[in-house]
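The sequence and structure come first.

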Amino acid sequence: MGNRFGLDIPKQFVKLAGKTIIEHTIEVFSEHKNINEICIVIKKDWKNRIEEIVAKNKFSKVKKIIFGGEERRDSSLSAILSYENEKEINLIFHDAVRPFVDNRIIDDIIESLQYCNAVDVAIPSTDTIIEVKDGFITSIPQRQFMMQGQTPQAFKLETIRRAYLIADKDSDFVSTDDCGIVKKYLPDEKIHVVMGSLENIKITYPCDISIADKIFQLRNIRNDFIHSEKYYQENLKDKVVVVFGGASGIGLNIVNLTKLYGAKVEVFSRTATNTNIALLSDVERDLDSVYQKYGSIDFVVNTASILIKSHLEFMSYGDILDTININYLGAINVAKASLPYLEKTSGQLLNFASSSYTRGRSGYSLYSSSKAAIVNLTQALAEEFKSVNQVRVNCISPQRTLTPMRTANFGKENPDTLLDPKDVAYVAINTLLSDFTGQIVEVNLEK
């Protein structure tokens with residue numbers, strides 16, 4: 001139900017990296033070779049929504065969608081009873097809002113069930129655990145023996161069924177998870193513990209969404225990670241890439257690298273082609289020329305931007321309009337004009353922000369605020385465009401980078417304090433080749 005999330009929908013339907021949380025979770029189990037069947041336990045009011053998600057994603061392993069109860073234990077029992085006529089099967093219980101469970105954890109659980117009847121997943125506690133009653137500490141267990149429980153939890157069907165049947169007859173029955181029921185009502189049953197993962201978080205509060213976004217970034221694109229040449233050649237060969245603002249800096253590095261790996265690349269900029277992205281007609285003209293030449297467009301990258309370092313009171317109105325028109329209106333024009341082409345290829349639009357988007361800074365208020373607008377634009381368009389043939393929209397947000405625009409505004413700086421634009425270009429390419437959407441990929445200096 002997600003009462004603690006503060007929304008009018010259950011938290012498993014909140015969007016994360018372009019999909020609902022539960023889509024990510026089901027996907028992990030659907031793609032695991034040793035998972036034979038999936039049963040989704042859902043509140044009755046949301047059954048139609050789940051059915052739509054299953055159909056849209058073609059989750060063929062989902063065989064049952066059943067109704068849960070008022071408490072977690074009621075929902076678990078509902079699932080157990082739906083399989084009570086089966087023999088020699090294993091049941092794995094998992095929270096819909098733990099989308100980062102990985103294959104290693106699932107593998108370890110399945111292996112453990114070969115020699116035990118109940119399995120929990122946990123990680124060592126990093127905090128001191130205290131036991132409290134009436135506002136006062138009653139005991140402080142030794143931290144070395146404390147672990148934090150996660151899911152999945154797994155059982156032989158007969159074991160968990162037997163525990164629940166006993167528990168159901170207890171008028172004082174209280175539990176928070178399924179292993180707790182086995183421990184209480186089958187005290188002689190040993191419960192094996194499999195090591196979990198720090199990333200295997202449960203999304204409970206709104207702030208957890210921000211944490212989850214970062215985990216997706218870390219899982220999919222590492223700042224310092226460069227694939228093999230073969231990988232890039234296989235994935236970029238003959239792809240049609242359009243780069244706006246590709247005459248210098250990060251854009252030029254993206255152009256050079258994608259060309260190196262066999263992509264068909266077209267560059268448009270103020271200096272190279274007299275393209276003004278603040279004019280929709282210029283952008284439409286350029287994209288049409290690419291389509292006429294190649295017959296398709298796979299990726300559109302917009303690195304075009306200007307920075308006029310000045311206090312607002314000293315900026316001319318012309319400079320103000322130029323900044324807004326190129327940095328923000330230009331991004332809108334590129335997005336709007338690109339969609340008809342990208343929907344034909346299920347392609348991706350890649351925007352560029354800046355680390356300054358997180359906080360407006362004195363001396364470049366318009367630049368910072370325009371980059372904040374790009375972040376919001378990316379997140380909104382990711383949801384809008386996903387429904388149009390799975391078009392993806394992502395954004396790169398690099399820290400200070402050694403580019404001509406940076407040098408023109410800040411002069412000569414110690415290069416060790418700046419990102420190499422080639423490194424940023426690799427992160428951009430990794431993002432283009434990823435399958436997620438709505439991500440703000442931060443590129444940080446790690447030296």
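## Second largest pocket

By class, 17 nonpolar, 16 polar and five charged residues make up the lining of the second largest pocket. The model is a predicted one. The lining numbers 38 residues, and those nearest the pocket centre are T303, S305, Y367, T403 and M405. The space in this pocket comes to about 790 Å³.

Of the elements, α13 gives the most, with four residues.

## Largest nonpolar core

The largest nonpolar core holds 40 residues. Those that touch the most other members are L236, I254, V301, F352 and I396. At least two core residues come from each of the helices α7 (207-220), α8 (229-236), α9 and α14 (421-432), and likewise from each of the strands β11 (240-244), β13 (299-302), β14 and β16 (440-443). The largest share is that of α14, which supplies seven residues.

In soluble globular proteins, nonpolar side chains tend to be buried together.

## H24

H24 lies in helix α1, which spans residues 21-30. Is H24 buried or exposed? H24 counts as buried because its relative accessibility is 7%, and the limit for buried is under 20%.

Leaving aside neighbours within four places in sequence, the residues in contact with H24 are L16, A17, K19, P99 and F216.

## S346

S346 sits in the loop that runs between α11 (317-345) and β14 (348-352). Its relative accessible area is 27%, so S346 is classed as partly exposed; that class lies between the 20% limit for buried and the 50% limit for exposed.

Which residues does S346 contact, leaving aside its neighbours within four places in sequence? They are N389, Q390 and R392. With N389 there is also a polar contact, in which the side chain of S346 reaches the backbone oxygen of N389 at 2.8 Å.

Between S346 and V28 there are 318 residues of separation in sequence, and the C-alpha to C-alpha distance is 22 Å.

Note on methods:
Residues are numbered from 1 along each chain as its sequence is written. This is a predicted model: local features need pLDDT of at least 70, side-chain atom pairs count only at pLDDT 80 or more; totals for chains, interfaces and linings use all residues. Side-chain values use heavy atoms; hydrogens and water are left out. Buried means under 20% relative accessible area, exposed over 50%, partly exposed in between (1.4 Å probe, protein chains only). Contact means heavy atoms within 4.5 Å. On a 1 Å grid over the protein atoms alone, a cavity is a set of points where a 1.4 Å probe fits but cannot get out, and a pocket is an open set with protein on both sides within 12 Å along at least five of seven lines; lining residues have an atom within 4 Å of a point. Grid points are joined across faces, edges and corners, and a volume is the space filled by probe spheres set on the points. Ala, Val, Leu, Ile, Met, Phe, Trp, Tyr, Cys and Pro count as nonpolar, Asp, Glu, Lys and Arg as charged, and the others, Gly among them, as polar. A polar contact is a pair of N or O atoms within 3.5 Å; within protein, one must be able to donate a hydrogen and the other to accept it, and residues adjacent in sequence count only if both atoms are side-chain atoms. A nonpolar core is a set of buried Ala, Val, Leu, Ile, Met, Phe, Trp, Tyr and Cys residues joined through side-chain atoms within 4.5 Å.
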